[in-house]
Amino acid sequence: MEILIIGVIVVALMAYASTRIKKSAAAAFESETVETAEFIIQKPEGFLNIVDPSPPYMFEAYSKEFGEGSASKFKMGRAFLTTVNGEGGIQVPADLRVEVIDDVHYRIFEIERMETEVQFVEQFKIADKDGRHFEFRTTRISNAPQEFINKLEGMLDSFRLK
């Protein structure tokens, strides 16, 4: 009888712990504003941002969803923010959009690239402030659903330097 009581208690504790873990995991993928002393980014629902990204990243996030078919080993989307002192290394194409917010000039453009037979679309939002070059980049599988593309574009649009 004592074993049965102990078993019931252990099962109840396991069920409680499992529920708490599931709730915490679901909350991590909710929409949130990521704000530091240098930038603000609105992370959309379905993305997880890494709390302490490893250098050279100041911000790093990835989607819960994976691609399909030959892209099934890749996350559907990712986002990165890097910074360097001085000028950045990426070649900025002539075909770009310029946006000015609070006296900061942002250059926005898109490129396509192939990686192991999977087509990706990368969007960049680049700005220079106080002698530093900030490069916010989102990457997605090219055949991502429009709703997913809208989330990534919203995150790109939300990026602002303080």
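**Close-up 1. I149 sits in helix α2, which covers residues 146-158.** Helices are DSSP runs of H or I with at least four residues, strands are E runs with at least two, and both are numbered from the N terminus. This is a predicted model: local features need pLDDT of at least 70, side-chain atom pairs count only at pLDDT 80 or more, and totals for chains, interfaces and linings use all residues. Residues are numbered from 1 along each chain as its sequence is written, and side-chain values use heavy atoms, with hydrogens and water left out. I149 has a relative accessible area of 9%, so I149 is buried. Buried means under 20% relative accessible area, exposed over 50%, and partly exposed in between (1.4 Å probe, protein chains only). Leaving aside neighbours within four places in sequence, I149 is in contact with R140 and A144; contact means heavy atoms within 4.5 Å. M76 is 73 residues from I149 along the chain, and their C-alpha atoms are separated by 9.7 Å.

**Close-up 2. Y106 and F159 make an edge-to-face pair, one of eight aromatic pairs in the structure.** Rings of Phe, Tyr and Trp (its six-membered ring) pair if their centres lie within 6.5 Å; planes under 30 degrees apart count as stacked, over 60 as edge-to-face and the rest as tilted. Here the centres are 6.1 Å apart, with 80° between the planes. The pair links distant parts of the chain, 53 residues apart: Y106 is in strand β7 (residues 104-115), F159 in the loop between α2 and β10 (160-161). Both residues are buried. Y106 and F159 also belong to one aromatic cluster with F39, F59 and F136.

**Close-up 3. F109 and F124 form a stacked pair.** Their ring centres are 5.0 Å apart and their planes meet at 15°. F109 lies in strand β7 and F124 in strand β8 (residues 118-129), so the pair ties together parts 15 residues apart in sequence. F109 counts as buried at 4% relative accessibility. F124 counts as buried at 2%.

**Close-up 4. Charged side chains sit over the rings of F120 and Y106.** The criterion is NZ of Lys or CZ of Arg within 6 Å of the ring centre and within 35 degrees of the ring normal. R113 lies over the face of F120, at 4.7 Å from the ring centre. The charged end of K125 is 5.0 Å from the ring centre of Y106.

**Close-up 5. E32 and K43 meet in a salt bridge, and so do R132 and E38.** A salt bridge is a side-chain nitrogen of Lys or Arg within 4 Å of a carboxyl oxygen of Asp or Glu. The whole structure holds twelve. For E32 and K43 the N to O distance is 3.7 Å. E32 is in strand β1 (residues 32-35) and K43 in strand β2 (residues 39-43), eleven residues apart. E32 is partly exposed at 33%, whereas K43 is buried at 0%. For R132 and E38 the N to O distance is 2.1 Å. R132 lies in strand β9 (residues 132-141) and E38 in the loop between β1 and β2, so this bridge ties together parts 94 residues apart in sequence. R132 is partly exposed at 24%, as is E38 at 27%.

**Close-up 6. D128 and R107 meet in a salt bridge at 3.4 Å, N to O.** D128 is in strand β8 and R107 in strand β7, 21 residues apart. D128 is partly exposed at 30%, and R107 is partly exposed at 22%. Elsewhere, salt bridges that share partners join R97, E99, K125, D157 and R160 into one network.
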